[in-house]
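Work through the exercises below with the sequence and the structure at hand. Try each task before reading its solution.

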Amino acid sequence: MATSKKIYFYPVWLRIWHGLNALGIVILIVTGISLQNIESSFIGFNSAINLHNISGVVVTLGYLIFFVGNIITNNSKYYIVKPKGFIKRPLKQIYYYMWGMFHNMKAPYPLSEKRKFNPLQKYFYIIVMYLVVPMVIITGFALLFPEIIIENVYNLSGVFVTAIFHSALGFFISIFLIIHLYVATIGKSPIDNFKSIFNGWH
Amino acid sequence: MKYRLFTLISIILFCTLWHHSKAQYYNDPENHECLKCHSGQAYTFHNELMDLEEKKLMNPYFILDTVALALGVHNLFDCTDCHSYEYVTYPHASNLKLESLITCLDCHGGDESFASYQFEKIEEESQKSIHYQVYGDNFTCSKCHSQHTYAATARTSSDVLEIVDYSNKMCLSCHNNMNKYQLVSGHENPQLIQVHDWLPNQELHFKHVRCIECHTEIVDGLMVSHNIQEKAKAVKNCVECHTTNSRLKSSLYKYQNLQKRSETGIFNAVLSNESYVIGTHQSPFLKLLSIIIFLATLVGVATHTIFRILKK
């Protein structure tokens, strides 16, 4: 993963979005768990609801910055998946994380100006940013305006189904966050990648 | 001759009894002695004084819903079982307005066969309620529970929304009706939408929970709390319901018919799946699954970290 000279990976708009998103997601996770277990939470129900709603809107606005930013800048190129080695490439990366890096093997996909994410990382970012986050935003807004939700899905309440789906997606994002933060420590030094996302240079 | 007389008497008796027994069936209002007038907007009668067939409008408050009447718990009774028999003549005698009607406890009180309904306890609780405190004996059971149409929906239905709707309509029949409200209170009814402005997702709350969930003091021994509290004592704290130990479990979801229903199904939620209450709808299966996934992630991260340290 090491490169001899530094590359300017993260432009200002991307770092602003990332910071805003990180803060919003953490608040959403904490308040989301609080709403499910309010009796053992340090946040009151009303504060948890308000914080969850406000953070939800902030993350949504942030997502728009991310989405539009990726279209109008060349940042989108890092998200393009090549059909060649569709399965093989991420597997190679998993092998590196599970075995290779403990046996002095070199990273199979070192980062460069052309490659900001390794294949496994790219797949996860695509799933999270183009599938899970949009769905969590849609279900979140549906729950904010529950009257727009279909009343019954078979024998279940539409709101109930939406809420379960929203919580499951939120949970997926929480697990992603743990892995995301941990993998970020696999750099030249454990804090190297964290510095990069602040100053933009990798 | 004797034989003929017996036959004649038998025929007359049969016709009278047949006519009378038919009168008990509310599902044939046109041929019912009382309902032929009291089930429609207008009624006709023969004005003997003028020798005229007259048609008049029925007082809307005296028109009975015959479908609800036939489905109500008292559908086996005829009108004159409770009202004076003199009502069968028209015009009704004016002093009949003063008749004292039997109350619920007159029939249901102290009767072993109704013991499970706890009528005495209900009366005791309702006498503590704000309705009784302000309006006294005038506030009878029938102000909320019409003897004509009452059906035990909450005990029999497995549909939460139906139970909520039926219960709330009892409250709204006065609280959303200026004339009926004023008749008892003497002043205008509060505007319910504005009064409940503070409640988020008001419409959903109104459809999914009963008014009495917040406006009564819950009594453990009673299925439905009848101690309706004054406005100042109404529940305004969201967490009373929105928690795993929700107030709704000892009120709306107290009914076994609803509990049985909610215990089935893949989500195995504590409350019914027809409604969703934030904080209360916890699925033990999903909770366990999420804890396992969360712990597995932490174990995975810790193991990887240990290997990284060891292989450094």
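**Exercise 1: the nonpolar cores**

The largest nonpolar core has 25 residues, and A:Tyr63, A:Phe66, A:Tyr79, A:Met129, A:Val133 and A:Ile173 have the most contacts inside it. A nonpolar core is a set of buried Ala, Val, Leu, Ile, Met, Phe, Trp, Tyr and Cys residues joined through side-chain atoms within 4.5 Å; buried means under 20% relative accessible area, exposed over 50%, partly exposed in between (1.4 Å probe, protein chains only). This is a predicted model: local features need pLDDT of at least 70, side-chain atom pairs count only at pLDDT 80 or more, and totals for chains, interfaces and linings use all residues. Residues are numbered from 1 along each chain as its sequence is written, chains are lettered from A and ligands numbered from 1 in the order in which they are written, and side-chain values use heavy atoms, with hydrogens and water left out.

Task: find which elements give two or more residues to this core.

Solution. 
1. The elements are α1 (12-36), α2 (45-72), α4 (119-144) and α5 (158-184) of chain A. Helices (H or I, at least four residues) and strands (E, at least two) are DSSP runs, numbered from the N terminus.
2. α4(A) gives the largest share, 7 residues.
3. Leaving aside residues up to four places away in sequence, A:Val133 touches A:Tyr63, A:Val128 and A:Ile173 (contact means heavy atoms within 4.5 Å).
4. A second, separate core has 10 residues, including B:Ala154, B:Val164, B:Tyr253 and B:Val277.

**Exercise 2: a hairpin in chain B**

Solution. 
1. In a regular strand the side chains alternate between the two faces of the sheet.
2. B:Ala42 has B:Leu57 as its bridge partner.
3. The hairpin has 4 residues between the strands, and B:Asp51 takes a positive phi near 55°.

**Exercise 3: chain B as a whole**

Task: state how many helices and strands chain B has, and what share of its residues is buried.

Solution. 
1. Chain B has 15 helices and 2 strands.
2. 29% of its 312 residues count as buried.

Terms used
Pairing = 2+ DSSP bridges.
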